[in-house]
Amino acid sequence: MRAHKSKTTILLLVSTVLALAVLISDQYLPGLPLQPKQLPAAVVTLGDSTLSGEGGGRYEAGTNGEQDNWCHRSAAAPINQLRLPPEVTRINLACSGARTDLIGANPEPGHAEGSQSRRLAELAQQYRITDVVVQIGANDDPGFTDVVNQCVEAWVRQTPEGCAASLRTAWPQRVERMKPKVLGALNDIRAAMDSAGYTPSSYSLIVQSYASPVGPGVKPELQDLSGCPFLTGDLEWIRGTGVPQLSAGLQDVARQANARFLDLSRAGIGHEACTGNPKTADGEWFTRLTVDWASLQDEQRAAHAMQESFHANATGHAQLGRCLGEFMVTEDPKALCLPDEQDNLHAVPEHAAAAQAHP
């Protein structure tokens, strides 16, 4: 009898321990009203032009200026390049030109689509979201588009010191002011997933940085309004200093948000705009100065006639998508997109990339 009681006591203790393990573990609790593991799987991208597919053409209906929606979601966007099982749904919420407030829960009013994180919260109840990929920050304090315009103006004026002279001091300060805004957006993404019953370990949150669309390898005959009107010193600063500093800032934010990080700062080297065939642009992964002449004749579209300029083209998006897809299937906390001998991008873990740089 006593032995039977002992066995019963042990079973009760084991059951209690298992119950406590379930309660304190980072898994779904049976009592949740919605259990994402029972829903169809999905991957979601949020952010700005690099993930929306800007520059890739073939834009999704409703995002090419209709009702002032210029998100330019392309069929060539990285999410559409991922090798995913056929049952996994691809959802692209990224919007060209987006700032961090549009990803956050309370964006400034007036945008055609509103908060991306609120839409994510709705989707998280309809799908079992396995991966959330975010690329944001360049349109906030760094104002990367404004920087490009400033550098073009320096070329027009042939300013001896170029645009880099003033940016060497201002740029790091801009990146620092951007960081808390990106962190706030990532926190809103976490909150959106929390609201649908997800825990941090039940999905992968990935933050991407940016690739440099231009570099000092521009063909001389294209270093003007025919393609890339930048001074050589400014091209060197953009690729060698500006983009890496922006990437370092985003990496720091990803660490604070306990997110994985994919470094694109070296992804485009050798394939920037105006570095390939002068006539056909073969070998280039980024668009040159691009003008939609038809839009210039339409007052409502004219302001967006050069929106595609210096964004990844369809080939570039395919390469970036390849790298992202490789990173998603690993558990590496950080990787860099680097080319192989055939110039195809791959996700190289941080330790391996360091070994390549210092053999």
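Helix H9 gives the second largest pocket the largest share of its lining, seven residues. This is a predicted model. The pocket has a volume of about 750 Å³. Its lining counts 31 residues, and Asp131, Ser204, Arg260, Met328 and Val329 lie nearest the centre. H9 is joined by S3, S4, S5 and helix H7 (232-256); each of these elements supplies at least two lining residues. By class, the lining has twelve nonpolar, nine polar and ten charged residues.

Next comes the sheet. Seven strands form an open sheet with mixed pairing, in the order S2-S1-S3-S4-S5-S6-S7. Strand S2 (89-92) and strand S7 (345-349) stand at the edges; each has a single partner strand, so one side of each lacks a neighbour in the sheet. On average, neighbouring strands are turned by 25° against each other, direction ignored. Strands of a sheet pair through backbone hydrogen bonds, in either a parallel or an antiparallel sense. S1 (residues 41-47) and S2 pair in the parallel sense, over four bridges. Within S1 and S2, Ala42 stands opposite Thr89.

Two helices pack here. H4 lies across S1, S2 and strand S3 (128-135), and runs at about 175° to S1. H9 (residues 314-328) touches S1, S3, S4 (204-208), S5 (260-263), S6 (334-339) and S7. The direction of H9 makes about 35° with that of S7.

Pro107 lies between helix H3 (100-103) and helix H4 (116-126). Leaving aside neighbours within four places in sequence, Pro107 is in contact with Asp101, Leu102, Gly114 and Ser115. Ser117 is ten residues from Pro107 in sequence, and their C-alpha atoms are 9.9 Å apart.

The largest pocket has a volume of about 960 Å³. It is lined by 35 residues, with Asn139, Thr145, Gln307, Ser309 and His311 nearest its centre. Helix H2 (49-52) and H5 are the elements that give two or more residues to this lining. H5 has the largest share, six residues. By class, the lining has 18 nonpolar, 13 polar and four charged residues.

H5 also has a helix partner. The axes of H5 (residues 144-157) and H6 (residues 164-195) come within 13 Å and cross at roughly 175°. The two helices are therefore roughly antiparallel. Phe144, Val147 and Gln150 in H5 meet Ser166, Leu167, Trp171 and Arg174 in H6. By class, this contact has four nonpolar, two polar and one charged residues.

Note on methods:
Residues numbered from 1 in each chain as written. Predicted model: local features only at pLDDT ≥ 70, side-chain atom pairs only at ≥ 80, totals over all residues. Heavy atoms only, no water. Axes fitted to C-alpha atoms, helices over the stretch in contact; angles between N-to-C directions. Parallel < 35°, antiparallel > 145°, perpendicular 65-115°, else oblique. Contact = heavy atoms within 4.5 Å. Nonpolar A, V, L, I, M, F, W, Y, C, P; charged D, E, K, R; others polar. Pairing = 2+ DSSP bridges. 1 Å grid on protein atoms, 1.4 Å probe; cavity = no way out; pocket = protein on both sides within 12 Å on 5 of 7 lines; lining within 4 Å. Points joined across faces, edges and corners; volume = space filled by probe spheres on them.
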